[in-house]
Number of protein chains: 2
Amino acid sequence: MHFSFFILTVFITINEDIAISSFQFTKKRKAMPHNYYNRENHGDYEIISIGDFTLAEGGVIPNLELAVRKIGELNADKSNAIFVTTWFSGTTKIMEDVYVGKEHALNPEKYCIILVNQIGNGLSTSPWNADESIKGPKFPKVRIEDDVKAQYKLLTEHFGIPYLQLVVGGSMGAQQTFEWTVRYPDYVKRAAPIAGYAKNSEHDFIFTRTLIDTILIDPAFKDGNYDSIDSMKTALSRHADIWNVMGYHPEMYRQEAYKALGFDNADDFSKQFTWKYFEPMDPNTLLTCAWKWQRGDVSRNTNGDLSAALGRVKAKLFSMPIETDMFFKLEDCKSEQELIPNSEWRPIKTIWGHLALFGMDPNYIVQIDKNLNELLAYDL
Amino acid sequence: MHFSFFILTVFITINEDIAISSFQFTKKRKAMPHNYYNRENHGDYEIISIGDFTLAEGGVIPNLELAVRKIGELNADKSNAIFVTTWFSGTTKIMEDVYVGKEHALNPEKYCIILVNQIGNGLSTSPWNADESIKGPKFPKVRIEDDVKAQYKLLTEHFGIPYLQLVVGGSMGAQQTFEWTVRYPDYVKRAAPIAGYAKNSEHDFIFTRTLIDTILIDPAFKDGNYDSIDSMKTALSRHADIWNVMGYHPEMYRQEAYKALGFDNADDFSKQFTWKYFEPMDPNTLLTCAWKWQRGDVSRNTNGDLSAALGRVKAKLFSMPIETDMFFKLEDCKSEQELIPNSEWRPIKTIWGHLALFGMDPNYIVQIDKNLNELLAYDL
């Protein structure tokens, strides 16, 4: 009983269409080598190799495979592509379930929507499924810019897409979105970073450190050579518990909004929802992404000059922080937005905090869609 | 090199008078049985026994000793007493250093200021210094109401004080302050809870759980029978790191306000200040107080009816939450304040978050003093 089950419960409550589409995936079940990172849990995706890939921190991922989900079709001149990134612990599945559909701005009847799982997230090449030479704790350090370079290669060489109508993503997906606009300014017409920074903050770095330490500190971790995911269950529940504190805003608890998801009290919600979400995940996978998250910084493109980096963004950009986010804060997002020439300030109202990204608050996705529809309507 | 050193650094920056008074304590050094919980670190205090003490959760503390600091003198009719409580991890020392003095509202030339260390905080009867029958992990569960009952006994029977002009305290000290106003409404003329709840929130309960788990999860903890404080150093630094995330507001990091305290960057501040503050503390002591903190709830006086509990407060009360507090939130504090008949809403502005309580922001104590002066000026 893992997160998809709970997400499903959520969707049954808030969106019957999505619930039905989620059920359909169970019919496509295939035998997979991992209990969690498989198509039953994470929907349909195509594995596309982009070859050996050299990383910013040094080292090579041999035969880097990206797990890619394409929804909708490219038009004749391939001018209708939208690119969607993923966040920490998430895959393309939740992006598809919450953000994509004919009832959403990300409408596959109009656009070809390409969703790519970030490197090391469990579906694309990751510690558990990598070549023996970089398996498990030997997996190299990956940066946000590595993801974006790999994604650029995929979109230009594999798909032959000339430019993107939109790049959109939340949290670490926002980090990738910002990197896209700075690294490939001519390739991105529009951008919508949701709840994330162009350059990570010191506070967020320390928050992520506390998440990392819940794993490192457990004797069962054995420097990344743990016996099984199950042996790391306690560590993963501790990891999840910090998310319970920082991922949701206290106002969500005060209003007992978790009751709308079918949980009687905060203790039940915190354990049956958040703990169960993280408990089946691979710790090395989480560590790979956490290291990357901590160091997201577009100013690496401009020798540390954030103003210069954001100054070269050409995309029409809507900055969409979540007002109650406990770690990607409004003030920091505003400072960054003010450095981006063609940008607008579009904060999202919700009491849920950062993990409103999951779509539990029906009014959250309404606001996202409204902003994305407006952004996509700009004639650029 | 522990917290007093750093607090000292802070005070040298913001208040020379206090720095000098702190230095004077080093002249009074006595041989003490604990490396941290002693007069060198925590100033002068008197140990007063209030006899065997029966606890709300059952069990007895034999010969409960309270560590009491009295500053100023009682007048003839003992009508000039102010009572000051302590918070999690803190002792009367920081309350004296930051809040008490002739330049403050808590002026010992006018009032007799009595500060009492909460049960289990390391100076009053605590796991490390308790009777062998309840030593270490055998220490019983203590509630906020136990503290307040013990303090009431101390003030009425030992000091013979007929009523208090004011009860004031921050964080767990605010929990005690609220309990005072509900349990002994006729004894408290004025009350000033700073940054705390009358009834703890579900979010705060989980936050405290993450703090507790950093200790419980460490194999060196050995169910509370650790070999030494030093063997728990890693756990205590992890404990401290969660404080780095939740104790200060991200805006403090964004503005790099820690630089005013002499730290070059957040990493340095987080480790040299916050880690060093917690590393010498006794884990069983922290656990005793954390359990108590989680369960603070004045509605235990009224069969769970918070409105009825707060409705019986007779004190003139100023509610003083910290606007940027990450866990004792403004919205929750406002809900509670609105249930208290003779109360006023006095939120404190600072970018520091909860640990502004420590006094690093000079403008924080200015606001506290202004409010307390106004509160004390009410003719009641």
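Is B:Ile206 buried or exposed, and how many other C-beta atoms lie within 10 Å? The model is predicted. In it, B:Ile206 has 24 other C-beta atoms within 10 Å. The cut-off for a buried residue is 20 or more, so B:Ile206 counts as buried.

Where does this residue sit? B:Ile206 belongs to helix α7 of chain B, which covers residues 202–216. Its contacts lead across to chain A. Leaving aside neighbours within four places in sequence, B:Ile206 is in contact with A:Asp241, A:Asn244, A:Val245, A:Ala266 and A:Ser270. B:Lys135 gives a sense of scale within chain B. B:Ile206 and B:Lys135 are 71 residues apart in sequence, and their C-alpha atoms are 27 Å apart in space.

Turn next to the sheet of chain B. Eight strands make up an open sheet, with mixed pairing, in the order β1-β4-β6-β5-β7-β8-β9-β10. At the edges stand β1 (46–49) and β10 (343–345) of chain B. Each has a single partner strand, so one side of each lacks a neighbour in the sheet. From one strand to the next, the twist averages 20 degrees.

Look now at β8(B) and β9(B). These strands run parallel and are joined by two bridges. B:Arg190 stands opposite B:Lys316 of β9(B). Helix α14(B) packs on the sheet and touches β7, β8 and β9 of chain B. The direction of α14(B) makes about 160 degrees with that of β8(B).

Follow that helix along its length. Helix α14 of chain B has 16 residues, 362–377. At 1.5 Å a residue, they should span 22 Å; the end C-alpha atoms are 23 Å apart, which agrees. The buried residues of α14(B) are B:Tyr364, B:Ile365, B:Ile368, B:Asn371, B:Leu372, B:Leu375 and B:Leu376. Seen down the axis of α14(B), they fall within an arc of 130 degrees, so they line one face of the helix. The face turned away from that buried side carries the exposed residues B:Val366 and B:Ala377. What covers the buried residues of α14(B)? The cover includes α4 (92–99), β7 (166–170), β8 (190–194) and β9 (316–319) of chain B.

Finally, consider the nonpolar core. The largest one has 218 residues. Those with the most contacts inside it are A:Ile113, B:Ile82 and B:Ile113. Take B:Ile113. Not counting residues up to four places away in sequence, B:Ile113 touches B:Ile71, B:Gly72, B:Ile82, B:Val84, B:Val100, B:Leu106 and B:Pro108.

Conventions. Residues numbered from 1 in each chain as written. Chains lettered and ligands numbered in written order. Predicted model: local features only at pLDDT ≥ 70, side-chain atom pairs only at ≥ 80, totals over all residues. Core = buried A, V, L, I, M, F, W, Y, C linked by C-beta atoms within 7 Å. Buried ≥ 20, exposed ≤ 12 C-beta atoms within 10 Å, placed from the backbone. Contact = placed C-beta atoms within 7 Å. Helix = DSSP H or I, 4+ residues; strand = E, 2+ residues; numbered from the N terminus. Expected span 1.5 Å × (residues − 1). Arc of directions from axis to C-beta. Pairing = 2+ DSSP bridges. Axes fitted to C-alpha atoms, helices over the stretch in contact; angles between N-to-C directions.
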